[in-house]
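Hello,

Here is the structure I promised to pass on. Please have a look, then read my notes below.

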Amino acid sequence: MTNDTPAIRLAGLRKSFGAVEAVAGIDLEIADGEFFSMLGPSGSGKTTVLRLIAGFEQPTAGTVTLSGREVTRLAPFERDVNTVFQDYALFPHMSVLQNVEYGLKVRKVSRRERRERAAQALATVRLEGYGVRRPSELSGGQRQRVALARALVNRPRVLLLDEPLGALDLKLREQMQVELKQIQRDAGITFVFVTHDQEEALTMSDRVAVFDSGRIAQVGTPLDIYESPSTSFVAGFVGTSNLLSGSVARDLIGRSGTFSVRPEKIDISKEGHAGTVAEVIYAGPVTRFVVDLDAGARVVVVEQNRRTGSAAAALRGATVRLSWDEEHVIEISEAAGSAVGDVVENKVENKEDADAA
């Protein structure tokens, strides 16, 4: 194996369950030492791909290669991977140290070596001194880190994580996003992270694959995925986006096509496109304005709350003007398919048609 050999290579990967094609032809390479996220809604195929990599499912077609070795038909224990699930499945009657070293004990590793390796794994996840405790004495975030230590102690080349933060409350989940990325850097191994949470994927990942109906809609860095979505699905699923097309696009953008403008890129100003504020949604640090433009488009605008909440609420029903920079207008090459998430689609051909509808 060379340094250029990917940790994971998927070629023509397909998986069908009866008449349902859960994975519809995936070609993907994940670099050694990369934090890679597979992002998508329920039923998009991301978890099935993770299970195919782990060996819990066998593909209908295609191959799985790990560090240059094809493992498509090998059992899970024959692959140099470990998996962490949302349900941490810690043994309640064992101490934290015993939980972490359990896999080594099954492999007949000597008591001294497994204690040393378990202690090192606990140090990696910053749980030194917690070895004597039971899982019931730990917080949710600490139990999650014990599960990580148990997976890391076997020194796999690849760690697969299936929605591992899903059971945590919001504040702890945000804290663990930062910690998980740091743990990955410290461990120096490849992490493949499955999530439906866009913020998780954008916060932690070196690259993200956005899944849609068993296929990968786009692969790129978080910046690429958010700032330059390649399809209407990606624009709508990753964050909030205003999609403009038809005569609306010609009026607002000045040319034909389908375009995306993120809500935070739009300014309420003294110049620009006229419209009426239909709704004001206060969300703590930001306020969302839903604006019906005279051109026939309904768009969402997000502002940081520099003004008071009452001043923002007073804009409901007011006439405003919206403006944005040309550099923040992204042309979408493929606008077909369902728009998922908080996407605002404006495809009416003219305002008269919109009013008639």
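Predicted model: local features only at pLDDT ≥ 70, side-chain atom pairs only at ≥ 80, totals over all residues.

Residues are numbered from 1 along each chain as its sequence is written, and side-chain values use heavy atoms, with hydrogens and water left out.

The largest nonpolar core has 35 residues. (Such a core is a set of buried Ala, Val, Leu, Ile, Met, Phe, Trp, Tyr and Cys residues joined through side-chain atoms within 4.5 Å; buried means under 20% relative accessible area, with a 1.4 Å probe and protein chains only.) Val100, Leu148, Leu159, Leu161 and Leu180 have the most contacts inside this core. Elements giving it two or more residues include α2 (96-106), α4 (140-152) and β7 (158-162). (Helices are DSSP runs of H or I, at least four residues; strands are runs of E, at least two; both are numbered from the N terminus.) α4 gives the largest share, six residues.

Leu161 touches Leu50, Val84, Leu148, Leu180, Phe191, Val192, Phe193 and Val194, leaving aside residues up to four places away in sequence. (Contact means heavy atoms within 4.5 Å.) Another core, of 25 residues, lies apart; Ile8, Leu10, Ile30 and Ile53 are among them.

The contact joins Val96, Asn99 and Val100 of α2 to Val146, Ala149 and Arg150 of α4.

Best wishes

How values were computed:
Buried < 20%, exposed > 50% of the residue type's maximum accessible area, 1.4 Å probe, protein only.
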